[in-house]
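Subject: Structure handover

Hello,

The structure we discussed is below, sequence included. My notes follow it.

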Amino acid sequence: MASATPLKDIDEQFLQCFICMEQLKEPKILPCLHRYCQECLKKFAKKGAKKIECVTCRKQHTLPKDGIDGLMTDFNTKNIIEFLKLHDSVKVDPLRSCIHCKKKLKTSAFCFRCNDFLCKTCHDFHASSSMFKDHHPHIFSLSEAEAANLTVQKLSSLKEAPRCQAHPGKLSELCCTTCNNLPICMSCTYGEHKGHDLTEVTSLAEIQREMLSGKVAGLMQYKEKAYEMHEEIRKTKEKLELNVNREKLKAQEQLEDEEERIKEEIRNTEEELEREQAELEEGVMAKESLRKKDLEKKMKKLREEYELVCEEERREADASSKKLREDNKRKTERLHAGLCAVNDEIKELQTSLKTQKDQQSRKIEELSDHFDEIVKRFETVTTTIHCIRAAQNDWADVQCIPNVCRAIKLLSKDVKKGNTGLGNLSVVEVRGLSSAVTERCKAGISKDVESVIDMQNVEEGWRISDTTGNTDGSIAVIGRAPHSQTHLAVINMKGDLLQRNVIPVSFPYATCQCSFLTQSQIAFICDFDQLGIYDMRDQSLKSARVKDVITNWPSDQVVFRVTTDPVNGNIIVGSNSRNVYIFNNQLKHIKTITLPAGIGCAGDIAMHEGGLLVCDPASNKAFAVTVHGSASQVKYEFTEPTIGGGDWWTESVCTDQDGYVYMLWRDGFPSKSVIVCKYSRNCSQIEMMREVDGDIQSITSVQTKQGEKLLVYKSNQPQLFVYGLV
């Protein structure tokens with residue numbers, strides 16, 4: 001049994017209403033064990049409300065049927081308050097009217113059964129007379145009021161049993177456990193509580209005390225954990241601050257390293273410009289000197305010719321120098337743009353760090369406030385338990401202990417789950433500098449055509465249908481030659497014929513396309529439904545009719561476009577419908593993919609980053625779609641050019657070895673212009689645009705010793721135009 005608790009050890013705040021901030025009057029206790037004045041709760045609760053929120057802990061509680069009046073009265077607290085009022089009133093005025101002799105004398109005692117004061121004479125008679133035998137346990141000598149050892153248990157023993165709510169003139173004798181341990185008199189057992197579960201208060205109180213002891217034992221195992229959470233929270237804050245500072249330092253070091261690298265490249269570029277200009281100047285001066293010596297031996301006419309030649313060369317040198325300066329300016333601007341991108345990205349990283357710190361700090365503060373509230377609830381529960389154990393008031397125990405047990409259960413649950421995720425609150429995520437910085441330093445397509453490859457050198461009357469570039473500088477060209485024959489030729493960058501083979505077809509005017517599958521194998525389509533592979537090593541040709549390979553090939557469907565997936569060794573064939581077919585290098589059908597709704601057909605296709613790029617002539621748009629499974633999904637839609645204000649549609653697409661995408665867009669009205677757009681690696685934006693000849697039909701890329709090039713060709717023309725990818 002708990003030791004008796006002196007009244008002087010009870011905190012004044014324990015007896016305070018936190019609504020009116022005064023001493024409790026008719027204290028009502030909520031299931032969370034917080035106490036308030038009955039009238040204060042009535043004013044605080046909304047009229048007709050079925051629930052009430054605790055002012056202290058903000059918990060929502062369901063009200064009994066009769067509202068605030070139905071809430072349990074805190075008998076222990078009420079007894080303490082009544083005693084304190086009694087004690088304070090005697091200290092102010094010790095002269096009181098005695099309930100027996102009616103004389104105003106110095107009071108000697110107070111009878112809680114009579115609920116009034118007694119003088120010394122009447123006190124002695126009251127305490128010794130058998131007439132007041134049932135009053136003897138309830139007589140309190142005021143001489144004990146100042147004693148430091150006056151306990152809650154002693155005060156509780158003086159009070160009589162509570163009055164029956166239904167019959168206020170009678171004392172309660174039993175508890176109705178059916179009605180939440182409600183105190184009732186014997187008359188109630190024949191009326192409203194007839195047939196209910198009725199229990200003698202002493203045995204019921206003992207059961208409740210035993211249950212409380214078990215709950216308290218379970219709660220105590222969480223006490224140390226709850227009180228130690230403040231230290232854990234403090235350590236977490238320090239760890240968060242340390243991690244943020246470390247990541248800031250790393251980001252700053254990255255900025256300084258990248259800034260120094262770009263500045264060094266700028267210096268090298270400027271030095272290269274000065275060196276090349278000096279070489280040009282030296283070359284011009286050397287030529288002038290040689291010619292002057294030669295012209296001195298010639299006639300006046302030759303001198304005039306010499307001066308004209310020198311003037312022309314000076315103009316050419318100036319033009320070359322101007323071009324060098326322009327190229328250097330563009331490169332320097334790209335490098336400066338890269339430096340700006342580094343600064344912008346560092347700012348984003350710093351902003352991200354600050355945002356993460358603010359978010360984690362707010363969560364930590366919320367967790368700190370949560371555990372502050374848990375500690376306060378813990379102290380409230382501990383104080384309440386202490387009073388219950390000290391008072392040993394059966395009536396109060398059967399009323400309060402069930403609420404205390406429920407509060408302990410909720411408190412234990414909140415303590416267990418309160419620190420969830422605390423360890424993660426000290427972690428911040430910071431990505432490194434993205435590849436976008438170096439991408440900003442890249443250029444695009446050369447302004448002018450570098451060279452022209454004439455297919456007339458291969459055969460007179462050649463008409464190109466499609467072309468594809470290899471990794472060794474060779475180019476495969478498929479098209480119609482004279483005599484209605486379909487030829488597949490391999491040429492070099494000078495237009496020299498390396499290989500050629502005739503493809504047997506039934507319809508020479510049908511669409512024919514080609515794409516390198518490996519460095520020595522070329523996949524092609526032609527003749528509406530023919531798919532084949534040409535091997536450059538032995539100049540062999542194998543082909544198959546798609547309708548013979550795919551049993552459910554629609555009769556009105558034709559092959560339209562072809563591209564390859566060299567990584568997986570597959571051939572991808574587009575048709576004039578939403579169906580796209582995938583074959584292996586043995587021309588065996590692997591699977592069929594259906595393009596997403598909204599895409600009419602594959603006008604042109606290319607593989608990129610494991611997905612398929614599709615130019616759709618039906619919607620005049622371009623998309624990137626998935627190739628996993630049978631139902632394709634749109635990954636993103638390409639941005640069309642924003643110049644000209646016309647109706648743009650796309651005709652051709654290709655990629656380079658660095659993963660950039662190039663797309664041919666045509667404006668039908670009003671400008672009728674054609675633009676090649678270069679997209680970023682993630683295809684989210686257009687990095688540059690280059691206007692080309694209006695008759696250009698298709699584009700592809702080829703790798704040469706001088707770097708990667710872009711090939712474009714006109715419809716049914718025997719020429720390929722070469723642009724540099726600088």
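Leaving aside its neighbours within four places in sequence, which residues is Gln16 in contact with? In this predicted model, they are Met21, Glu22, Leu24 and Arg35. Gln16 belongs to the segment that precedes strand E1 (27–29).

Next, the hairpin. Strand E20 (residues 530–535) pairs with strand E21 (residues 540–545) through six bridges, in the antiparallel sense. Within this pair, Lys542 of E21 stands opposite Ile533. Four residues lie between E20 and E21, and in the turn Gln539 has a positive phi of about 55°.

An open sheet is formed by four strands, ordered E26-E27-E28-E29, with antiparallel pairing. At its edges are strand E26 (604–608) and strand E29 (634–637), each of which pairs on one side only. Direction ignored, neighbouring strands of this sheet are turned by 25° against each other on average. E26 runs antiparallel to strand E27 (residues 611–616), and five bridges join the two.

For reading both regions, one general point applies: strands of a sheet pair through backbone hydrogen bonds, either parallel or antiparallel.

Regards

Notes:
Residues are numbered from 1 along each chain as its sequence is written. This is a predicted model: local features need pLDDT of at least 70, side-chain atom pairs count only at pLDDT 80 or more; totals for chains, interfaces and linings use all residues. Side-chain values use heavy atoms; hydrogens and water are left out. Two strands pair if DSSP finds at least two bridges between them. Axes are lines fitted to C-alpha atoms, for helices over the stretch in contact, and angles run from 0 to 180 degrees between N-to-C directions. Contact means heavy atoms within 4.5 Å.
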